[in-house]
Amino acid sequence: AITRGGNELIAWDTSGAAFLTPPSLEQIGYVTGAGDGFAAGFLHARLHGGTLGDAVVHGAASARLALASEMATAEELTREMLTGTLALVPAAEIVL
């Protein structure tokens with residue numbers, strides 16, 4: 001996957017490519033850790049059977065949580081926070 005800050009990101013595998021423009025944040029706390037957050041969310045979704053589109057959405061949601069934090073990671077992260085953030089991220093556009 002290639003992320004580009006608040007611009008459209010792309011990920012691909014043998015089935016095709018997924019494109020997603022992450023929703024904007026009103027305020028960014030700290031940018032360090034956003035890429036790690038994306039990678040963690042993306043890999044978690046894939047390792048648990050998620051599609052490429054699912055993985056991109058989970059990655060974007062995890063990165064959003066990291067960006068909103070004043071630290072490199074969202075130290076108070078809970079499953080409920082991730083679930084709520086997933087609802088803010090649009091579905092990825094899939095191109096086969």
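I take helices (H or I, at least four residues) and strands (E, at least two) as DSSP runs, numbered from the N terminus. With that settled, I count 3 helices and 4 strands in the protein chain, and from the N terminus on I read their order as β-β-β-α-α-α-β.

I note that this is a predicted model, in which local features need pLDDT of at least 70 and side-chain atom pairs count only at pLDDT 80 or more, while totals for chains, interfaces and linings use all residues. I number residues from 1 along each chain as its sequence is written, and side-chain values use heavy atoms, with hydrogens and water left out.

Next I looked up the overall shape. The C-alpha trace of the protein chain spans about 40 × 25 × 20 Å along its principal axes. Its radius of gyration, taken over C-alpha atoms, is compared with a globule rule of 2.2 Å times the number of residues to the power 0.38; for 96 residues a compact globule would have a value near 12 Å, and the protein chain agrees with 12 Å.

Then I turned to burial, where buried means under 20% relative accessible area, exposed over 50%, and partly exposed in between (1.4 Å probe, protein chains only). Buried residues make up 35% of the 96 residues in the protein chain. Which helix is largely enclosed by the rest of the structure? I found that H2 is, because 14 of its 17 residues are buried. Helix H2 covers residues 52-68 and reaches 24 Å from its first C-alpha to its last, close to the expected 24 Å, a span calculated as 1.5 Å times one less than its number of residues.
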